[in-house]
Amino acid sequence: LRALRDFRIPTRLIAELPRAGAPAGTAARRVSWPTLVLQGANDRLVAPALTRQLAQRMPAQPRLLEVQGEHDLAAMRQPARPEIARHVLEFARGLS
């Protein structure tokens, strides 16, 4: 418990976070197939506005869904999990 309380993240690491997302913007321009993008409306790690910008860069115009939740949309404890599963299955059915 003490180790968690004393845990520190160097500020230079936080400054690098925007750079980590830059390759995604470049890669998005090459996505030319049907894509489902799920975003947690309350995500504090990846802001919904950034996900919308990324989706707009995709030439195939992805289906973008913002659901109630945070960054961990795939977690078993996620209250929106049934809604997410429904959307994923609906999207997959539309591919065939």
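This is a predicted model: local features need pLDDT of at least 70, side-chain atom pairs count only at pLDDT 80 or more; totals for chains, interfaces and linings use all residues.
## Overall layout

Let's start with the big picture. The protein has 4 helices and 2 strands, and along the sequence these follow the pattern α-α-β-α-β-α. Of its 96 residues, 25% count as buried. The exposed surface comes to about 7400 Å², with carbon and sulfur atoms supplying 60% of it.

Contacts across the sequence are worth a look too. Among contacts in the protein with a separation of 6 or more, 65% are accounted for by residues 24 or more positions apart.

## A closer look at Q39

Q39 sits in strand 1, which covers residues 36-40. Is this glutamine buried or exposed? Q39 has a relative accessible area of 4%, and because buried means under 20%, Q39 counts as buried.

What does the side chain of Q39 meet there? It makes a polar contact with the side chain of T51, at 2.3 Å. Setting aside neighbours within four places in sequence, Q39 is in contact with V46, A47, P48, T51, L65, E66, V67 and L73.

## Three salt bridges

Side chains of opposite charge can pair when their charged atoms come close. The structure holds 3 salt bridges, and here is each in turn.

The side chains of E70 and R44 meet in a salt bridge, 3.3 Å from N to O. This pair links distant parts of the chain, 26 residues apart: E70 is in the loop between strand 2 (63-67) and helix 4 (81-95), while R44 is in the loop between strand 1 and helix 3 (48-56). E70 is partly exposed at 38% relative accessibility, whereas R44, at 71%, counts as exposed.

R52 forms a salt bridge with E66, and their closest N and O atoms are 2.4 Å apart. Since R52 lies in helix 3 and E66 in strand 2, the pair ties together parts that are 14 residues apart in sequence. R52 is partly exposed at 34% relative accessibility, and E66 is partly exposed at 36%. E66 is also one of the residues in contact with Q39.

R63 and E90 form a salt bridge through their side chains, at 2.8 Å from N to O. R63 belongs to strand 2 and E90 to helix 4, so this pair ties together parts that are 27 residues apart in sequence. R63 counts as partly exposed at 30% relative accessibility, and E90 is partly exposed with a relative accessible area of 37%.

Terms used. Residues are numbered from 1 along each chain as its sequence is written. Side-chain values use heavy atoms; hydrogens and water are left out. Buried means under 20% relative accessible area, exposed over 50%, partly exposed in between (1.4 Å probe, protein chains only). A polar contact is a pair of N or O atoms within 3.5 Å; within protein, one must be able to donate a hydrogen and the other to accept it, and residues adjacent in sequence count only if both atoms are side-chain atoms. Contact means heavy atoms within 4.5 Å. Accessible areas come from the Shrake-Rupley method with a 1.4 Å probe; for residues, only the protein chains shown count as cover. A salt bridge is a side-chain nitrogen of Lys or Arg within 4 Å of a carboxyl oxygen of Asp or Glu.
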